[in-house]
Every structure is written in structure tokens, then in C-alpha cells.
Amino acid sequence: MKIILQFLLLMFIAGSLFAQKINVSGVITSYMEDDMTLPGVTVLIKNTTVGTISDIDGHYSLEANPNDTLVYSYVGMITKYVPVDGRERIDVSLMEDIASLGEVIVVGYGTESSRLVSGSLGVVSEDEIRDIPIRTIDGVLQGRSAGLQITQSSGTPGAANAVRIRGNSSISAGNEPLYVVDGIPVTTGNYGQVGFSGQQIDALSDLNPSDIESVTVLKDASAAAIYGARATNGVILITTKRGSAQRTQINFNSSFGLQSIENRLEMLNEEQWHDLKGTTPDDPDNMVDTDWLSEVLSTAPVSNYELSFNGGDEATRFFISGNYFMQEGVLIGTSYERLSGRVNIDHRVSERFNVGARIGASYALNNRVEGDQSLNAPLANAIANPAIYPVYNEDGTYNEDAPFANPVAIGKEAINEAHSYRTMGNIFGEYRILENITFNTKWGFDYLSLREHSYDPITTRQGARSNGIGISAQSNVLNIVSNNTLRYADVFADVHNFEMLAGYSFEQFQRRNQFIRGVDFPNEHFQYLSEAGTITDADSRAVNRGMNSFFGQIRYNYDYKYILSVTARYDGSSRFGENYRYGFFPAGSVAWRMSEEEFFKGLGLPVSEFRWRVGYGITGNDGIPDFAYLSLYGGGANYLGQSGIYPVALPNPDLRWETTYQFNAGVDIGLYNDRIEIAFDYYNNHTKDLLFSRPVSMTSGYYSIQSNIGELENKGIEIALNTINVERDNFKWSSMINFTRNRNKVLALYNDQPLDNIGRGSNSVRVGEPIGIFYGYRALGVDPSTGDIVFDDVNGDGVISSEDRVKIGDPNPDFIGGFTNNFSYRNFDLSIFLQGSYGNDIFNGTRIYIESMKGSDNQTTAVLDRWQAPGDETNIPRATETDPNNNNRISSRFIEDGSYLRVKNVTLSYNIDRSLLDRVNLHSARIYVTGQNLLTFTNYSGMDPEVNYAGPDTIVMGTDFFTHPQVRTISLGINLGL
């Protein structure tokens, strides 16, 4: 009986204890980041393996006894022990452990602590880009991350920039990185159909940089291979702002500035022109001396207005923003205007289920003028027209006596509008199936509607030739994406941290184009094609393509000391035939945090972090024309009123992916509690199976066939140095430096045949050389006896011919870099950002015409130092209309050093004291003045060393041909928080 009673008593106690278990839930936030919620926090019952992990909104829930103690642990945070004490609701705020694992950053399909990253990546924060008056994403990132080269090829408002991560990895399949916004790849590139000589429309300019919370640049295969077939050129992950559980905050930002051209060409005036040509004025008493550049260039305003709302509660959080940006161009007839809005919502349906949406919409109006190569370009014509011609006739009409069309008439009368309507977004759901297993599905779309309207009235020279010229073009682009992932994360024995991801995604891309051109309009007041007398061209096209992918990733670390990451992706693309439709792209990396070893800690060094990294992987590139593997036919081959078709392209069923084999090794060092942080990377990327259209025998009836024809490599080093130089109560000074040195080399081409005479500067692709070198004649100087240029007879045959052409320059820089200094004193903040490029050459193609001293082009004042008599020593040859020596051939005469150091941005701000703000119910107030492109130090003789008339072209690089220069901007702004 005694034993039975004891047994019943024990059962009663156990039952009572079991009945006392309660459900504990709460929200986990970061104490240092304005109560930002923390996903992925491990919550364990002390001395057990029972626990859970917080969801994407920082929520957690588990069963515990009233007298248990919960242990909250998170990478980079100090572990916290909290007694339950019978409570069902426990909200916890974790403090950052500055000596632990660093900040949490966005990586492919997830997040990771910065000190647990084994790949190579760069991070750009919101604070680094918020005051820059350039309001395009690629524009504000310039010089901010090692390995990221951004060239603003012209100063045209809204123009496309060239973005390269670790150099050019392709000849024709594209070198732009993949952009992923909130987990969804977005449409980028130029979808305009009205050509403007390199001044392309960039779809990326539709996105508002002020909506960005952070940017992560994935640079090596270990970091980027999870994006597989499009990761060869790197990946830029953009995360937009989210709401937080707080009282609604209202923020208003406004700025207004003025833009101007820093440097102009010095052209001949009326008297100098007549002296050069040996002529006299027709009417000496009524001479004309027009400064054409002053007629088309002026100081122009730029303004920006933003309003945002941020707030929510434990269940629902929101971020809503609106933006209006207006940039008048300094060049007559140009402007860029954008109206955009964004709504980001996160909602917790239950403890296990979360949903959300990200929606952004914009409208942009881009007013353009023709540029560079066109004879109908305001800037080019203002440079080329001599000063002896007036702008207007006596009756007020435009004077068209000059050799080139009146640039003022073009800028004021011609209409070239591009209307961009953009909507992109995604909806997502996340469900925690078990405590350590989470399923996430995300469906996104990106829709771009681009309408172009162009009209040259009879009041312009070009329009007068055809009684008016009108163009109407419409491009509709839709991309639908679905990402679905299953994630498992757990901790074993307190030291084995394991995470596994498996996923499937697909994309469907559609493009529809229509183009119509008409002439013979009744007069200048009729500009739409319904009024055209003759339709000269009409075209419509359609493209559908798709991609599906399977991917996975394993991340493991032992006690946050030994780190392993393995990634694989299996991509299929409709751009390739059945033989090579799918590609497999694996990658792996390891890291060793040597600073966590006991032997290292015993050395007594002031080292807070010392991490070695090494990785290797394979990435792909599918950026070729659609369906190049098929035998294609086109319509329109009509005969005797009957429709017909004709063959367009030869088939190549063995067409396959460009594949890049990437190796990366690096080290990250933190000194004196991370007051000094150093990151060093070495990389070697080898690209095989280059995609290019190679020539075939013309007896086949074709000129070329799309093939895999070559190899190239990029290798280099990257260094990033961040320092806190001074840190006192009222004064702080910090610095950030990044340095990149890349070497590009073509290793193989089809039969090693060079691709030659490309572009105005005769860019060339040759085995053993970087992509895009300049290839021409070597000029040895001016012969003092004849006044002609002496060209190097390379082969010594006594004749200057094409056989004497050699490499005369390289547009690829030896290195690029950025240097930022931030100062704060009491309520004042000062930021100075320098950006530069060294060792790159520029082919100044403008000089071929404006230093030719023949024909009807105006000349620069440099020709005043020309050779005029035997014995003259100068670098400017003689003036001759016949030029029998061909002094103006493509030669090293026009190659210049394009190195520059630019004071890219200086911002001085003042934060109004909180005691004053409380009186007017403001949360924050800040006023600032900022300058963009304030000074440029360079030896280049043109208007701007950061230039390329062909925009982001892959091969035609570093060539200046009457190209719009960068602008200098001075802005005043205010930020208000309610």
C-alpha cells in the first residue's frame, strides 16, 4: 500500500507539473537598431534542447514551465537569460556584442552575420547614399564598394551607366550584374527603340534610391552562385525599407540645387576662324561672333521631394513613400522627371504564419536630344559650327546657313519624349511548419511600359528635308518570377550551427514592341502619325522566354569558428537548345576565424577579428539573343504582291552557356575593437565558351553564326579599409577607403582572329590583350620640316599601311578607388567623398574633327599653336584641306591619359537640437548643403574624363565623341521627422 501511495503521489505531482506548462510568446528586437525585429534568434529552455527560432518578424512561441529560464542567443548579440516567472508574454531586446559576430547583412535568399560570411561581398548602407543628388541606383553606388566599377558615360539626365563587378567577363553576352530587389530579379537595360547615339534609356533609373535600406554586392562565386546562370557578372541585392512596430513616423525630405558644366572646350571665335581659313568677313561692320556652347549650355535646376510613413504594431507593419524628382538638363532640350511611390507591408497572421507585400510604381518622363554621332545633335553641332554664323535671322527665324543644323533650333523645336510607366512588386508568405523548418513562397512581377514620341518639325533642318518627321514607339516588358524555398536551421550541442536551404524558382519574360515612322506633316503644329502624309516604316515584334531553376545551399559553422558554405543551382533557359538547355553551377567556400582560437587569444594582440576565407565555384551567363540555337526565318520578303519569308540565321543546337570558373581568397581583420577593419581579396575568374557571332563562308548565304568561340580571364585584388580615427564625446572622425586592381585578358578567340575596327576609336578584341584596346597607328610627332605627323613604320617596309597598326592605348584602368571621410562635431556632420580612376586611356575622337584644320568644323584654340613654317616645333600639324599624309587617321595622337581624381560629393549638415524640436513636436530635423562633382583633377583635354559615347557598350569603351559631360551640382536640403 505504501508503495502504491508513493507512486500515486508522484503521478499527481508529475501531472500537476505537466498541467502547469504555459505557452510563452513574444517579440525579439535589437536594442541598438531602433528596436528592429530580429529573425532567426534561437530560444531554448535552459539546460535542455527544447526550443524554437524567431520568425521573419522576430516573433517566437514555445511551451515552458513557469519556473523555467529561457536562453536567447543570436549571432552578433549578447546571449540573454530570462526567467519565465509564470509569464505568457516575454518581449526581449538583445544588445550587440561588438566583439562577436558583427552586423546582419542580406545575402542570397536570406541573411547572415558579417563575420560568418565565407564569400566575397560588399555592403552599402542607406547613410552612404542618402544625400547624393543623383537619383539613380547605379549612380549613387559609384565608388562605394571595392570591385564595383561604375562609369557614368555621360551627363545626360536619366542616361544608362556602365556597371561592372570585377571587370568584363563577356564579349557579347552582357557584362551588367543581376539586380535583385527584395528577392526578385528586376528588368534592367535599354528598351528604347528611338536611337540617340549611346544616350540610352536605363530601366534601372525608374527605381528611387531613397527607398533603399541596404545594398549588398555579391562578387565571387561562393556568394553569387545561388543565382546560377546570371551570376557571372555579380549580383546586386537591393533591400527596400520596412515598417517597424512603433508609433507612426512621418518623414519629409526636400532638396533644391543648381547644375552647371565644370569644363568647356575653348573654340575659335570669329576672328580666329577667319585667320585660320585665310578669309575675311562678308560685312566687317556687322560681324557675327556666336558662342554656340553658351547658346546650348546653361545653369539648370534639380529638385527632389519625398514623403514617407513608417509604423505599425505587433501584427502589422508598414512603410509608405512617395517621391517627386525633377532634373532640368544643362543642355538645351534635355530633362528627366520621375514620380514614384512604394508600399511595403508585413503582417503576422499567427505565430507560425506571416505574409507581406512590396509594391513600387513610377512614372518617368525623359526629354532627350540626339547626341554624339548624329548630325542633328545640339552639343555636337554647337561645338562644330563656326562662330561666324548667327543663331537667328533678322526676321526671328532660325538661321540654317551653318554647315551643321542649328543646335538651338533642335533643342527648342524638336520633341523627343520617353514616357516610362513602371510597376514592380511581390507578395510573399512564410509558414513555420516545425520549430526549425520554414517554407517561404514569393511571387513577383515587373512591368515596364515605355512609350516614345519623337517629332522633328519643319522649323529644324532635319525636319524640313522631309516636311516633318514623326516616330511613335511602344515597348511593353513583363517579367513574372516565383521563388519557393524550404529552410531548416538548428543548433546541436551548442556548437554545431547548421542551416539548409532548398528551392525552386521560375521566370516568364515577355516583350512586345511596335514602331512607326512617318513624314510629310501639314505644318509644325501637327506632330502625331495620324496626320503624317506618308508612313515610311512600321514594325512590330514579340518575344517570350522562360527559365526554371532548382537550387540549394548548406551553411555550417562549428562554434562560430570554422565556417563552411556549399551552394548549387541547376538552371534551364529557353535561350538554349535541348542539347545544352540546362546548366549546373556549384560553389563552395570555407572560412577560419583564427581570432577565436585559444592560442591566438593568448598572444595578447589588439585583434578583435582575424578571418581567412577561400572559395571556388562556377557561374553562368545566358545574355545572348533569344532562340539563336534555332534556324530562324523572317517575314516581309514579298514579291509581286505576295507575302514571303526568308532565312535569317543558321541553327546551332550545341550552343551552350558561357561559364566562369571563379577562385577567391581573402582575409578580414579587425583591430582595437574594430576601430580598424581591413578586408583583402584576391580573385581569378576564367570564362570559357564565350558567346559571339562568328563569321562563316558567304557561300552559305549567311554572314555569321552564334557560337561559343573563346576564353578570357579577370584577376585582381581588392582592399577595403574602414577606420574610426577619433571618437570623443563631441567629435568623431571615421574613414572608408576601397581600392580595386583588375587585369582583363582575352585568352582565345575563333581561330584567334581579332575583332577589329570597332567604334570611333577603333576598339579591338585580340588574344593576349584586354577587351577593347585601341588599335591604330603610332604617332611619333610633327616633322618640323614638313608639318606632317610622322607615323611609325612598324614593319619597316617604307610604307605606312594597315600592317603598321599596333596597340596604342587601353581604356581599362590600372585601378579604381573611393575614399570617404566622415566628421561629426556636436550637431554638425561633414562627409567628403573622393572617387577616381588611374591608368585608363581615352580616345578623344572629338579632336579628329576639331583639330583637323580642314573642312567646315570649328576648331579648338589648340590649333593656334599649329605648325606654320619649317623649323616650327609643335604637336599640332599643319593646316591643309587635302591632308595627303592623313594626319587625322586613328592614331596615338588622339590617345590621352584618362586618369582622374574627383571630389564626388561633399555634404555638410546640421541636426537641430532635440530640445528645440520638442517644442514643435518634431522627432528630428536636419538641414544640409551638398556638392556633387565639385572638382576634377585630370590631364584630359576634353570636357570630362569619365566618358564613353557608346554608353555601357561592352567593347566600345573609353571613347569621347562630342559626348555630354558630367555636371556639377550644389544643393540645399532639409529632412524632417514627425
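Modeller: Happy to. The accessible surface of the protein comes to about 41500 Å², and 55% of that belongs to carbon and sulfur atoms; the areas come from the Shrake-Rupley method with a 1.4 Å probe, and for residues only the protein chains shown count as cover. This is a predicted model, where local features need pLDDT of at least 70 and side-chain atom pairs count only at pLDDT 80 or more, while totals for chains, interfaces and linings use all residues. Residues are numbered from 1 along each chain as its sequence is written, and side-chain values use heavy atoms, with hydrogens and water left out.

Colleague: How many helices and strands are there in the protein?

Modeller: There are 12 helices and 52 strands. Those are DSSP runs numbered from the N terminus, helices being H or I with at least four residues and strands E with at least two.

Colleague: What percentage of the residues is buried?

Modeller: Buried residues make up 53% of the 978. Buried means under 20% relative accessible area, exposed over 50%, and partly exposed in between, using a 1.4 Å probe and protein chains only.

Colleague: Switching to rings: how many aromatic pairs does the structure hold?

Modeller: It holds 29. Rings of Phe, Tyr and Trp (its six-membered ring) pair if their centres lie within 6.5 Å; planes under 30 degrees apart count as stacked, over 60 as edge-to-face and the rest as tilted. Take Y504 and F550: their ring centres are 5.0 Å apart with planes at 45 degrees, so that pair is tilted. The pair links distant parts of the chain, with Y504 in strand 26 (residues 496-519) and F550 in strand 27 (residues 534-558), 46 residues apart.

Colleague: Which residues do ring pairs link into a cluster with those two?

Modeller: W443 and F506 join Y504 and F550 there. Y504 is partly exposed at 30% relative accessible area, and F550 is partly exposed at 43%.

Modeller: Another pair is F774 with F843, tilted because the planes sit at 40 degrees, with centres 6.0 Å apart. F774 is in strand 41 (residues 773-776) and F843 in strand 47 (residues 841-844), so the pair ties together parts 69 residues apart in sequence. F774 is buried, at 0% relative accessible area, and F843 is buried at 0% as well.

Colleague: Nice. Now V84, is that buried or exposed?

Modeller: V84 is buried, with a relative accessible area of 0%. It sits in the loop between strand 7 (80-83) and strand 8 (92-94). Leaving out residues up to four places away in sequence, V84 touches I22, V24, A64, N65, P66, D68, L70 and I90, a contact being heavy atoms within 4.5 Å.

Colleague: Last one: what is the phi of A493?

Modeller: About 55 degrees, positive although A493 is not a glycine. Most residues other than glycine have a negative phi. A493 is in the loop between strand 25 (469-492) and strand 26, and is exposed at 64% relative accessible area. N757, in strand 39 (residues 755-758), also has a positive phi, near 55 degrees, and counts as exposed at 52%.
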